[in-house]
Amino acid sequence: MLVFQTQNALQIELKKAQNQSKKIGFVPTMGALHRGHLSLLEQSISENEITVLSIFVNPTQFNNAEDLKKYPRTLEKDIALVQELNKNILIYAPTVTDIYKGNTISRSFDYDGLEHQMEGKHRPGHFDGVGTIVKKLFEIVEPTHAYFGEKDFQQLQIVKKLVVKHKIPVNVIPCEIYREPSGLAMSSRNERLSDNARNESKLIYKILLEAKDKFMLKSAKEVTEFVVREFKKHKNFTLEYFEIAEEETLLSCKRKTKNKKYRGFIAVFIEDIRLIDNISLK
Ligand code: AMP
C-alpha cells in the first residue's frame, strides 16, 4: 500500500503509468472514509488501471472555522480500510503546506451561476474553495477519469463546469448516492451524530421519498411547503433549505417543464451537525 505525502513523490510514481498511457482514475475525498467513498473507489478500480485516492481536509472550502476543526480525521483507519479493499490503490494524503505552499487562500471561480444556488447561498466562498482544491488536485494527478458522488450533486455540477471552462482533460464520472440501510445518506459527518440522532436522521430520506411521490401531482411550491411542514413537526431538526431545482442549471423550479430533470435538495441541522441530501424527482 503506497501512501504519498508530497505531490513530488506521487508524481514520480504516476509518471511511470502516464508514460505507458495507463488510465488513471481519481477519487478525491476529505477522509473519514465510509462505504460511500469505497463505492467510488470500486468504480474507479473497475474502469482504470491505476486508482489514486486523495485524503485532504481542504481548509479553504470551510466557511465555518468550528466545522473545519471538528471535521473527523482518521487517516490510520482510512488507510486500513483502503488496504482491505485493494492494496494497489495509491493514496495521496498531503499536508496543507504541500498543497498551498504557505498561501492558504482560494481563487475565485465563475461557474455560470451554479455557485449562487443552494449550498452557494448558505456557505459563502465554499465553491471557490472546492474549485481551488479540485483544480490543484487535477493538475497534480492528471487523471483520465475522476469520480464524484451525487451526494454532493451541486459540487458534481460545479466540477463538470470547472473542467469545461478550464479545458481540463478529464472525464468527470457521477456516482450514485450510497445509503445506510435506514436510508440515511452516508457521510463522514454522520460519525458525529449520537445514536439517537443517527436513528432519527432516517427521516430525511423518508421525507425526500414522500416529496418525490407528491411531485408527480403537485407543484414545486406545494411540495416545498409539505417538506417545511413535516420538519416543523420534528423539533430536533432545523431545516436550512429544501429546494426543487433543475439538474443542469440548478435554478429553482417555478413551473414544471416537460423534458427537464428536477431534483429535491435538502440541508438540515440535527445536534448542530449539518446534513445534506438530494433525490431525483424523475
Ligand atoms: P467527502 O469526503 O465528503 O468530501 O466526499 C468525497 C467524495 O465522496 C465526494 O465526491 C462525495 O460526493 C462522495 N460521497 C460522499 N458520501 C457519499 C455517498 N454517501 N454516496 C456516494 N458518494 C459519496
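Predicted model: local features only at pLDDT ≥ 70, side-chain atom pairs only at ≥ 80, totals over all residues.
1. Strand 2 pairs with strand 3 (residues 50-55) in parallel fashion through six bridges, and Thr-51 is the partner of Gly-25 in strand 3.

2. Strand 2 is also joined to strand 5 (residues 145-149), again in parallel, by two bridges. Here the bridge partner of Gly-25 is His-145.

3. Because six of the six residues of strand 2 (residues 24-29) are buried, the strand is largely enclosed by the rest of the structure. Ile-24, Phe-26 and Pro-28 point one way, while Gly-25, Val-27 and Thr-29 point the other way, and all are buried. In a regular strand, side chains alternate between the two faces of the sheet.

4. Two cavities of 30 Å³ or more are present. The largest has a volume of about 870 Å³ and a lining of 45 residues, with Met-30, His-37, Lys-151, Asp-152 and Gln-155 nearest its centre. Elements contributing two or more residues to this lining include strand 2, helix 2 and strand 5. Helix 7 gives the largest share, six residues.

5. The lining of the largest cavity comprises 21 nonpolar, 16 polar and eight charged residues. Both domain 1 (2-175) and domain 2 (188-280) supply at least three residues to it.

6. The second largest cavity holds about 50 Å³ of space. Its lining includes Lys-151, Leu-184 and Asn-190, and strand 9 provides the largest share, three residues. By class, this lining divides into five nonpolar, two polar and two charged residues.

Note on methods
Residues numbered from 1 in each chain as written. Heavy atoms only, no water. Buried < 20%, exposed > 50% of the residue type's maximum accessible area, 1.4 Å probe, protein only. Helix = DSSP H or I, 4+ residues; strand = E, 2+ residues; numbered from the N terminus. Pairing = 2+ DSSP bridges. 1 Å grid on protein atoms, 1.4 Å probe; cavity = no way out; pocket = protein on both sides within 12 Å on 5 of 7 lines; lining within 4 Å. Points joined across faces, edges and corners; volume = space filled by probe spheres on them. Nonpolar A, V, L, I, M, F, W, Y, C, P; charged D, E, K, R; others polar. Domains from an automatic or database assignment.
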